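Please look through the structure below with its sequence at hand.

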Amino acid sequence: LKAWQPLLTPKWVIIVFFTITCIFIPVGVAILVSSNDVVEYEVQYNDVFNPACVPSTRSGCDVSVAIPIEKTMKSPVFLYYKLENYYQNHRRYVKSRSDNQLQGKDVGKVDNCDPYDTYQGKKLYPCGLIASSFFNDTFSGSLFTGGTLITLGSSTSSVDNTLWQKKGIAWKTDVDEKFKTGSVDASYSTTTPSGVTLPSVTDEDFIVWMRTAGLPTFKKLYRKINMDFSAGDVLLLNVSSVYPVDSFDGKKYVVISTTSWLGGKSAFLGIAYLIVGAACGFLAIIFLMKQVLSPRPLGDMRYFNWPGQKGVGAK
């Protein structure tokens, strides 16, 4: 088959580099502007420790977090928890799960869940390292606005209210296809070796946790707050902080954020576009100067050295 073999002359190379510059720099600026329009606040809360805390009963483990709102945040406002120095991308961690069990097809299939496949002679449901390390801190929220305290919601409430929305925090494909309740009996245990009782596999908090992160610092969506925040308001969060992070020098944060057409706040993509655009523009200028100051005719026979010739341009 015929192949396209473009002849990259200096003229075309310069045009291509300038074209990339003209496209990438405006796109990078637009992405940075969009990212800067996102309002985000982050507070670490694991540094507040109560020695009277009993994680098994959650007694004495409550931590109060106040987040002053300095800029208007339009609904919906997204509430995340963030973990630092937590390697969910470890190969053994990622593989320790049973997709058949999570889909409700074969709840007894725990072959891939080592080391957390059974506990006290019972098969774990759900099994595996990911499920057994489920993030179990809980958050309740109130908003102090205009001299009035408005209760947003509580994690202990069985009703998914409109202000403190849990429904929809997980990917729709995960909810509809990948997580289904299976039939279990007394031969299964829903309590992990650390004593944590796991929620249903269809619980969206659990589904969000099961989608592992690729980096050691990550945040996961906890709730959607369907209410506008005005400058001067204060978001008051009560956190039941029982999830252990000291053993791996981790940190826990609570994050609230708005979104843009590109998602959350991140300047990386915009900076990457600007760097590539600037680099191409720099190369285009260098090549253009070379072509203007010291041009080389295309196919100049003086630069060929044929076999048997003594030097370049010899006859």
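**Aromatic rings, core and surface**

A search of the whole structure finds 18 aromatic pairs, where rings of Phe, Tyr and Trp (its six-membered ring) pair if their centres lie within 6.5 Å, and where planes under 30 degrees apart count as stacked, over 60 as edge-to-face and the rest as tilted. This is a predicted model, in which local features need pLDDT of at least 70 and side-chain atom pairs count only at pLDDT 80 or more, while totals for chains, interfaces and linings use all residues. Residues are numbered from 1 along each chain as its sequence is written, and side-chain values use heavy atoms, with hydrogens and water left out.

One of these pairs joins Tyr86 and Trp209, whose ring centres are 5.7 Å apart and whose planes meet at 85°, so the pair is edge-to-face. Because Tyr86 lies in the loop between E3 and helix H2 (91–95) and Trp209 lies in helix H6, this pair ties together parts that are 123 residues apart in sequence; helices (H or I, at least four residues) and strands (E, at least two) are DSSP runs, numbered from the N terminus. Tyr86 counts as buried at 8% relative accessibility, and Trp209 counts as buried at 0%, where buried means under 20% relative accessible area, exposed over 50%, and partly exposed in between (1.4 Å probe, protein chains only). Tyr86 also forms an edge-to-face pair with Phe218, at 5.9 Å centre to centre and with 85° between the planes. Since Phe218 lies in strand E10 and Tyr86 in the loop between E3 and H2, that pair ties together parts 132 residues apart in sequence. Phe218 is buried as well, with a relative accessible area of 7%. Tyr86, Trp209 and Phe218 belong to one aromatic cluster, whose members also include Tyr45, Phe139 and Phe248.

Which residues have the most contacts inside the largest nonpolar core? They are Ile67, Leu79, Phe139, Trp209, Phe229 and Ile256, in a core of 55 residues; a nonpolar core is a set of buried Ala, Val, Leu, Ile, Met, Phe, Trp, Tyr and Cys residues joined through side-chain atoms within 4.5 Å. The largest share of this core, six residues, comes from E3. Phe229 touches Ile69, Lys71, Thr72, Met73, Val77, Leu143, Leu235 and Ile256, not counting residues up to four places away in sequence, with contact meaning heavy atoms within 4.5 Å.

Turning to helix H7 (residues 268–293), the reader finds that this helix gives nine residues, the largest share, to a nonpolar patch. Leu283 lies in helix H7 and, at 33% relative accessibility, counts as partly exposed. Gly281 is also found in helix H7, but it counts as buried at 10% relative accessibility. Between Gly281 and Lys105 there are 56 Å in space, C-alpha to C-alpha, and the two are 176 residues apart in sequence.

The peptide bond from Ser75 to Pro76 is cis, with omega near 0°, and Pro76 is found in the loop between E2 and E3. Another cis peptide bond joins Asp114 and Pro115, with omega about 10°. Asn85, in the loop between E3 and H2, has a phi near 65°, a positive value in a residue other than glycine, and Asn85 is partly exposed, with a relative accessible area of 27%. Gln120 has a positive phi too, near 55°, and is exposed, with a relative accessible area of 67%.
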